[in-house]
Amino acid sequence: MHAGPDVPTVLLYAHHDVQPPGFVERWRSDPFEPVERDGRLYGRGSADDKGQFFMHVKALETMVKTDTLLTNVKFIIEGEEEIGSPNLAKFVSSHKDLLKADVILISDTAMISLEHPSIDIGVRGLSYIEVEVTGPNRDLHSGVYGGAVANPITILAKMIASCHDANNHITIPGFYDDVVEATPEERKLMAAAPYDETEYKKDLGVKELWGEKGYTTGERTGIRPTIELNGIWGGYTGEGAKTVLPSKATAKISARLVPNQSAARITEKLLTYFKQIAPAGVTVRAEEHHGGEPYMTPIDSKAYRSAARAIEAVFHKAPIPVRGGGSIPICALFEKELGIKIVFMGFGLDSDNLHSPNEKFGLVNFYKGIETIPYFHQFFAEKG
């Protein structure tokens, strides 16, 4: 959308692909048929990222109808974000003129709450691998062979457990080598964000929290790297009993990364680690799925200040700068190839069940986004 030759250009990035629905029986309604319930829109992609992308469409429609569009606007919408954007990098590098802009605006993040609006000043990187452990050449009778042959599930479980020590510190050699530690000032700023541990645990249905010793919940999910087990299977998982010693066991494992970690280096460390620690009784196949680099956005830029002013204009509170725990793999490549900065302006909530059954997006959040976005374009277009 062209507003004129002498105004800045905003490149809006979003994705229309989504995570698989998972256990469909855990959904209260069809994952791919949006349903409004209790002021929220339920459905896969409602918050991540279709609903948030649609805010920009409606905001642009409003600005065009009211003749208040003060910036040039470009959209780049992809369908592979959830698998690491494997083809978008090629498109970006070969279409730099087409994507030329002054800032990239992304609404694929969240805010603390409507009462406490926030802006993500960074997202973590990602390394995603799969590990397969093979023991005997076939499934075995667990009574006849149990105790004499290494069980791949047992071995895989021990290998995964070895990734953390008693303080939940990651033990993989060299994992923390490139980590940029947050300054005391940044940790103090993060501590100022509202946080109710009782409500946090209640929302998740857990009695206690778990994480790296010496760090708060906000720090564990924002400024610290992590390793998580995303899925594990092997042997007999059907109905009833079948006493087997399985031939194979497999796990999907992801690491979230922080500045200055490299997805490629961490992936290599993970693959090497699982291959090296395997006992002689099994063989290990480890391979990469996808990854992405961490990204930080400067808070002294005109784009960030414009986003902060826009949120304050609608919410009547200055937004709190926070570190996002998720990953948007294409961010670092955008800046490298296009030479422009990114600003995040998300309106979802961490409790919107992203990647889970019953994903939702509050309609109030949706409308607040439509109301706020035009202010960003207005403030970003201001001279000086």
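**Close-up 1. Contact of helix H9 with helix H11 in a predicted model.** Helices (H or I, at least four residues) and strands (E, at least two) are DSSP runs, numbered from the N terminus. On the H9 side, the contact takes in Lys302, Ala303, Ser306, Ala307, Arg309, Ala310, Ile311, Ala313, Val314 and Phe315. They meet Lys368, Glu371, Thr372, Tyr375, Phe376, Phe379, Phe380 and Ala381 in H11. Contact means heavy atoms within 4.5 Å. By class, this contact holds twelve nonpolar, two polar and four charged residues. Ala, Val, Leu, Ile, Met, Phe, Trp, Tyr, Cys and Pro count as nonpolar; Asp, Glu, Lys and Arg count as charged; the others, Gly among them, count as polar.

The axes of H9 (residues 302–315) and H11 (residues 363–381) come within 8 Å and cross at roughly 135°. Axes are lines fitted to C-alpha atoms, for helices over the stretch in contact, and angles run from 0 to 180 degrees between N-to-C directions. H9 and H11 are therefore oblique to each other. Angles under 35 degrees count as roughly parallel, over 145 as roughly antiparallel, 65 to 115 as roughly perpendicular, and the rest as oblique. The crossing is right-handed: the near helix is turned clockwise from the far one by less than a right angle.

**Close-up 2. Contact of helix H1 with helix H11.** The axes of H1 (residues 50–65) and H11 come within 8 Å and cross at roughly 55°. H1 and H11 are therefore oblique to each other. H1 passes H11 with a right-handed crossing. From H1, Gly51, Phe54, Met55, His56, Lys58, Ala59 and Met63 take part. Their partners in H11 are Asn365, Phe366, Gly369, Ile370, Ile373, Pro374 and His377. Eight nonpolar, five polar and one charged residues make up this contact.

**Close-up 3. Surroundings of Asp108.** Asp108 lies in the loop between strand S5 (103–106) and strand S6 (118–123). Asp108 is buried, at 15% relative accessible area. Buried means under 20%, exposed over 50%, partly exposed in between (1.4 Å probe, protein chains only). Beyond its neighbours within four places in sequence, Asp108 contacts His15, Asp48, Asp49, Gln52, Glu81 and Ile328. Gly348 is 240 residues away along the chain, yet its C-alpha atom is 8.2 Å from that of Asp108.

**Close-up 4. Cysteines Cys163 and Cys331.** Cys163 is buried, with a relative accessible area of 1%. Cys331 is buried too, at 0%. The whole structure has zero disulfides (pairs of cysteine sulfur atoms within 2.5 Å).

**Notes.** Residues are numbered from 1 along each chain as its sequence is written, and side-chain values use heavy atoms, without hydrogens and water. In this predicted model, local features need pLDDT of at least 70, side-chain atom pairs count only at pLDDT 80 or more, and totals for chains, interfaces and linings use all residues.
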